[in-house]
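Please find below a short note on the structure under review.

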Amino acid sequence: MIIGTVLGGFLCLGVLGLLGSSLAATHRLIYAGCLVLAATATGDGLFHMIRYGQEAVPAVVLPFGLPWLKAHFRLDSLSAFFLVAVNFPAALASLFGIAYGSHVPEPRRVTPLFPLFLFAMNGVLVADDAFVFLVSWEAMSLSSWLLVLSNHTDAAARRAGLVYLVMAVFGTFCLLSAFGLLAGPTGAFDFAAMRVAKLSPLATSLVVLLAILGTGSKAGLVPLHAWLPLAHPAAPSHVSALMSGVMTKVAIYGLIRLLYDLRGAVGWEWGFLMMVLGAAAAALGVLYALMQRDLKTLLAYSTVENVGIIFIALGLAIAFRDHGEVALSALSMVAALYHVVNHALFKSLLFLGSGAVMMATGERDLDRLGGLLNRMPVTGVCFLVGACAISALPPLNGFVSEWLVFQSLFKGPTVAHWAMRFGVPVVGVAMALAAAFAATCFVRAFGVAFLGRPRSDAARAAREVPWPMLAAMAVPAVFCLCLGVFPVMVTTGIATVVEPLVHVVLPAAVLGWPWLSPVSLTAGSYSATMVLLSGAGLMITTLLLVRHLGTRAIRRAPVWDCGHQEDIANAQYSADSFSQPLRRVFGQVVFRAREEVEMPPPGSTAPARFTLFITDPLWTGLYLGLQRVIDAIADRVNHLQFQTVRRYLLMMFLTLVLLLLVVAVRQQ
Amino acid sequence: MTAFFFGLLHTVLVLAVAPLLTGLVRLPKARLQGRQGAPAIQPYRDLWRLLQKESVIADSASWLFRIAPYLVFVSVWLAATIMPTFTTDMIMTPAADLIALVALLGTARFFTALAGLDTGTPFGGLGSSREMFVASIGEPAMLMVIFSLSLLTHTTSPANMIAYVTGGHIGIEVSAGLALVAMVMVAIAENGRIPIDNPATHLELTMIHEAMVLEYSGRHLALMEAAAMVRLLLFMSIISSLFFPWGMAFVDDGVAGVALGLLAWLAKVSALAMVLGFFESLVAKMRVFRIADFLGGALLLALLATIFLYVSEAV
């Protein structure tokens, strides 16, 4: 009921934006309205998550849509959980937008679409039939596509828009086919009928494959990620936060809805495939991120990594369930959903931080930033918290979910199948590499952008951003800490969401206060509260020790500059030089990274030049290869357009004969 | 109650013993180089001297530079309180497992690397970049060692692992041997010992850890140095407790058992310190880009350790 009002509200705001977007006050009003509506939806989601544990939820049928199919809506605990995960960051992005919305290059191309984008994402979550789901999904793709194109004078944004559109169409095509198979020949498009539909093994396999492809392409799963690092950074920062932090979660929701709810029994092979794809996304995504100099592209690639981690946990859940390990399956699901919330929080925070940096300096190239922590203290602290959380440092939230994923991964080989026994350790290596690379990546991002000395005049002149933007970053930073320190509250909440999906209640002893322990108390446990308290105790001891044993004298002095006299801000390590060792070891293999140094002859005053070449093997191999194949086929098919009338008639006749034959064979 | 008392004793002891251990490592090195060497208590004097000196901070450094030493030291100290050394009966053992220990060490490294970048000198960046590069391969190797041990003992909690190993549930395992070799390689890298890094060098091209803390002085440097000492003790305790847990006390062993455990622990880590000093005198430091081969080897060994578990089962 409330959510219906919220959806209507988003639509009205969108229309209002279209009509009166010439006034600056209208922009602020629309973002403020979005903030109120998204906050309401968050509260409603929380309320429903607590209230409907397992009890049956009524579906609401509204009389619009196709003539033979009314629109079905339903808000069960899974939808309610994702409502929270989507609308809370959306509220923050709206708050950010109040100050930032008029700062973007063309606000009139952004503001009306922003509420429509939120409307579409919420529509996907409450849909209870394939029609509403797909229409909302498509609206989500198209509104975000228009938001990407808001900066249409930029050639890179236009290219990003094109690639995004192609991939979005591909994804929707896959989902459409998957729902078509689920609905069967009778065309039962509502989810209640799909749950009880009987499918042949072949059709089930196809549905699963199409679901992974369709939702994976929206979530940015390798190798379907090519559009994501182009499109997400091209949009204005508060929209990037929504696309990276939230829209990928809507895709994850679609996958969970299809594979865990509509299709109850999925073979472990599919779980294994998801795990392997997730591992590839996790390791490759962050390795890509390490090679980027553009702050927003780096964050977008890091989304690929985090989606990979979620896919690893989701795949494990399927594999465990198929082998009868229901408790472990529930554990993996809890880990996956925990990471969904965490990533939505810290990725929104980091993208909003990149927006603040762009507003203050106009730069997003890391090598033109530096020293921002002194100039933008609040933004700096919030970005640091986000960077620590995404690097899985205790006691922040990222660590808890990665700990849970590692715990379920370490239990993977208990499944007595050779593929799992030999595959899971390899996935473990990829996941461990991803975790370590992520820390390196964010030391580099934060260290180069916020620490050291300014590398450009723009960075030197940076000023702190207005308070709505600061508040929009401070709130998720506080939540990153809370979700890390009180993990038991989160896992208990998520356990009620997971329960209808895996049909097992995680025992209170496993998730109970104060220890978080995955399987049993002896199998390993983690207590964030205890770690934080002892850390605080040790910190006080250290401070007292240093104070009483040592002196408190401090002297400020110029930095030792190796004997140079002039300003050596450019002699600092840059983003490219920071990642040079990893680029040499991994980049030469994966990206065929090549460095060219051009030294002027002795006596010349020309500068030395350094050029770095990086190729994306998946883009050149897979996408351009596919393009060549399609071009070749199109060339062949092109001949069909230049035939005589007799040939066309012959072709039509042969087609007719063929179709009649098919009908005849099927009727026998 | 005993758990609280032993936990507190352990927390104090790791801090008290760590400098001595670093002094012990230097003894065989000095002898093998034909020097008499400083007494083993020299690190205590060094820390005291640094604490008395004023701290010189670069103009361009932010507040992060000043709080980083505290965060780094506390993270490492906290990690050390998790790892049982002489008894498993400690209050902190259920609070965190080995994955959390790795993450705490990661936190310390994260802030050390940020501090290296904060002053805006070329050396700090060089050190941070190389340190994170080493950790990018070393940390996964350590996680894979934990993976193989957890498959062997069905737990990631160090105390339960030790109880499982001493309980006679496992005999001599190929996997445990491979994991030990990988663990030793990781320990060498994480502590910046030869052949990965040289804690005694200040030569531009070779230093890693020292380059990051180059701008530190006074009490801040003392904290960074103390953190390095506790980390060395921690890694030696991990190796001695997980792979050679003999003599350790358990929950109901009483004071006599704990005293025995204490002696056994001191003997084990002293022996390891001697071995480390001896080994460091034998090998030369390797080039930075050879480190990837070294740690990649460790990662592969740890992966093999997990896979061998099931190969031996299948045969």
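The numbered points below follow two remarks on conventions.

This is a predicted model, in which local features need pLDDT of at least 70 and side-chain atom pairs count only at pLDDT 80 or more, while totals for chains, interfaces and linings use all residues. Residues are numbered from 1 along each chain as its sequence is written, with chains lettered from A in the order in which they are written.

1. Interface. In chain B, 67 residues are in contact (C-beta atoms, placed from the backbone, within 7 Å) with 69 residues of chain A. Among the elements of chain B that each supply at least two residues to this side are α2 (42-52), β1 (55-58) and α11 (291-314); the largest share, 17 residues, comes from α5(B). Helices are DSSP runs of H or I with at least four residues, strands runs of E with at least two, numbered from the N terminus.

2. Strand pairing. Strand β3 (residues 554-557) of chain A pairs with β1(B) in the parallel sense over four bridges, where pairing requires at least two DSSP bridges. Ala557(A) has Ala58(B) as its bridge partner in β1(B).

3. Surface residue. Ile540(A), in helix α22 (residues 528-549) of chain A, is exposed because 11 other C-beta atoms lie within 10 Å, the criterion being 12 or fewer.

Technical notes:
Two residues are in contact if their C-beta atoms, placed from the backbone, lie within 7 Å. A residue is buried if 20 or more other C-beta atoms lie within 10 Å of its own, exposed if 12 or fewer, and partly exposed in between; C-beta atoms are placed from the backbone.
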